[in-house]
Amino acid sequence: MGVSDDTDVTRLPRAELRRIQDERVREVVKYAYENVEFYERALDDAGVHPDDVTGVDDLTLLPFTTKEDFRDNYPTGMFAVEMEDVIRIHASSGTTGKPKIVGYTRDDLDVWREVMMRGFRGAGLTAADTLQNAYSYGLFTGGFGFHDGATELGMTVVPTGGGNTQRQVEMLADLGSDAICLTPSYALYLAEVAEDMGYDPADLPLSTVLYGAEPCTEPMRTEIERRFDATAVENYGLSEIIGPGVAVECLEQTGMHIWEDHFYPEVINPETGKRVAEGEEGELVLTTLTKQALPVLRYRTGDLTTLDYGTCDCGRTVVRMDSVTGRADDLLIVRGVNFYPSEVESVVLEFEEVAPYYRIDLRREGTLDRLDLTVELTDDFDGSRAELEGRIRKRLSNVLSFTPDGVELVAPGSIERTKVGKVQRVYDHR
Ligand code: DLL
């Protein structure tokens with residue numbers, strides 16, 4: 001279960017990578033079965049013995065691991081090692097109930113640093129660069145994940161953490177940091193605050209924005225790049241698997257490379273649980289191949305994406321995942337029409353008269369659902385609101401086959417900004 005070098009393993013012919021994965025799948029299934037009671041029971045119940053699993057193709061024999069399994073085994077029932085060997089704990093808070101507690105051995109932290117370094121290198125960053133880390137430090141994996149990886153690479157880390165936005169701007173300007181990592185919604189907020197302080201965000205020294213931890217559509221990315229005059233690259237990950245660094249974009253910006261020698265991806269139809277055909281959208285399922293403290297077999301992430309097995313122009317052969325379009329449990333069903341908040345975002349941001357701030361409110365009126373969309377105008381808008389509201393409604397109804405009941409355009413700055421943590425855009429009052 002060693003750490004491998006990016007230069008080799010992410011560019012292997014796929015058949016060779018496959019041999020490594022097959023071997024690691026055999027190891028991890030046996031390891032989980034022998035060291036985690038939950039897996040022993042789950043496999044026994046499914047009538048599968050670790051010896052039946054000869055490689056990645058046999059993963060389909062295994063049951064899925066779900067968020068509920070973490071909840072049922074709270075806090076550390078899924079751990080495969082004694083606490084003595086766990087040297088770090090993190091947690092991810094869901095919207096309800098207890099957080100999911102995750103643990104790391106020393107080797108797990110090595111793997112985490114390694115995959116984070118791959119991401120930095122892929123974004124063209126080196127030991128000569130300075131990274132301002134605006135992810136929260138604490139139980140959230142973002143702060144320490146980025147911090148440790150950047151430190152290992154030898155970058156200069158400025159550990160501002162989340163919040164305190166004016167100081168973030170001053171630090172960026174004064175220290176001349178080349179890169180910043182943060183959520184995409186906070187990136188835009190930071191640009192706003194910088195402007196209020198009299199800076200042009202494009203004049204800040206940043207050349208790279210590393211964003212992730214929440215969904216971000218392509219128009220939103222373009223807006224971040226434009227505001228900071230920087231390249232924005234995406235990072236995907238989740239605590240249950242390791243934290244940030246499961247998959248990262250390179251400078252080609254054509255999908256996030258999943259570090260497949262450590263995390264094996266499958267995409268399933270969330271309804272049937274069957275694998276979808278290559279290139280089809282579905283729910284991402286991940287198996288850890290090298291984790292010691294918390295091996296996870298076939299974890300249902302809830303995140304919807306598509307995989308591309310073609311070789312990237314950067315030369316890496318590992319599979320790329322598309323930006324997450326939504327969570328299987330985020331699907332909005334309004335008067336029988338299904339859609340994801342990201343679809344609304346993509347339509348809204350086509351309009352240059354509006355700023356990338358919006359919220360969706362769902363209510364029930366009598367027996368009917370009602371959807372209201374509130375969007376902010378840009379500073380320089382001086383046209384007719386009614387006319388623009390009409391155009392946005394029309395465009396949404398063309399794309400979503402659904403017309404929002406209300407579209408309201410509001411003054412710049414009216415929609416609350418997320419300063420720490422993940423942005424919330426959908427408020428379901430039903
Ligand atoms: O958000 C880890 C992370 C930190 C990733 C910093 C990237 C950067 P959790 O708090 O456990 O971990 O939340 C994981 O966040 O299942 C997705 O639903 C969502 N998420 C993470 N990255 C992305 C992304 C961190 N790039 C959950 N796009 C995941 C969309 C994302 N959603």
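Analyst: A213 sits in the loop between β6 (208-212) and α9 (218-228), where helices (H or I, at least four residues) and strands (E, at least two) are DSSP runs numbered from the N terminus. The model is predicted, so local features need pLDDT of at least 70 and side-chain atom pairs count only at pLDDT 80 or more, whereas totals for chains, interfaces and linings use all residues. Residues are numbered from 1 along each chain as its sequence is written, and side-chain values use heavy atoms, with hydrogens and water left out.

User: How do you know that the side chains of K30 and E34 meet in a salt bridge?

Analyst: The term requires a side-chain nitrogen of Lys or Arg within 4 Å of a carboxyl oxygen of Asp or Glu. For K30 and E34 the N to O distance is 3.4 Å, which is within the 4 Å limit, so the pair qualifies as a salt bridge. The two residues are 4 apart in helix α2 (residues 14-35), and therefore about one helical turn separates them. K30 is partly exposed at 40% relative accessibility, while E34, with 53%, is exposed.

User: What makes R300 and E283 a salt bridge, and which parts does the pair tie together?

Analyst: Their side chains come to 2.7 Å, N to O. R300 is in strand β12 (residues 299-305) and E283 in strand β11 (residues 282-288), so the contact ties together parts that are 17 residues apart in sequence. E283 has a relative accessible area of 3%, under the 20% limit, and is therefore buried.

User: How do you know that E353 and R391 form a salt bridge, and what does the pair tie together?

Analyst: The closest N and O atoms of E353 and R391 are 3.1 Å apart. E353 lies in the loop between α10 (341-348) and β18 (354-365), and R391 in helix α11 (residues 385-400), so parts 38 residues apart in sequence are tied together. R391 is partly exposed, with 35% relative accessibility. Elsewhere, salt bridges with shared partners join R359, D361, R363, R370 and D372 into one network, and the structure holds 35 salt bridges.

User: How does the reach of α2 compare with the span expected?

Analyst: The expected span of a helix is 1.5 Å times one less than its number of residues. With 22 residues, α2 reaches 31 Å from its first C-alpha to its last, close to the 32 Å expected. Among its buried residues are L17, V25, V28 and V29, along with D22 and R24.

User: Why do M83, I89 and L139 count as a nonpolar surface patch?

Analyst: Patches are made of residues with over 30% relative accessible area and no salt bridge, like charges being joined within 9 Å and nonpolar side chains (Val, Leu, Ile, Met, Phe, Trp, Tyr) within 5 Å. M83, I89 and L139 make such a patch of about 270 Å², an area from the Shrake-Rupley method with a 1.4 Å probe. L139, in the loop between β3 (130-133) and α6 (141-153), has 52% relative accessibility and so counts as exposed.

User: Which residues gather in a patch of negative charge on the surface?

Analyst: They are E37, E40, D44 and D45. Asp and Glu count as negative and Lys and Arg as positive, without His or the chain ends, and the place of a charge is NZ of Lys, CZ of Arg, CG of Asp or CD of Glu. E37 belongs to helix α3 (residues 37-46), and its relative accessible area of 59% is over 50%, so E37 is exposed.

How values were computed
Buried < 20%, exposed > 50% of the residue type's maximum accessible area, 1.4 Å probe, protein only.
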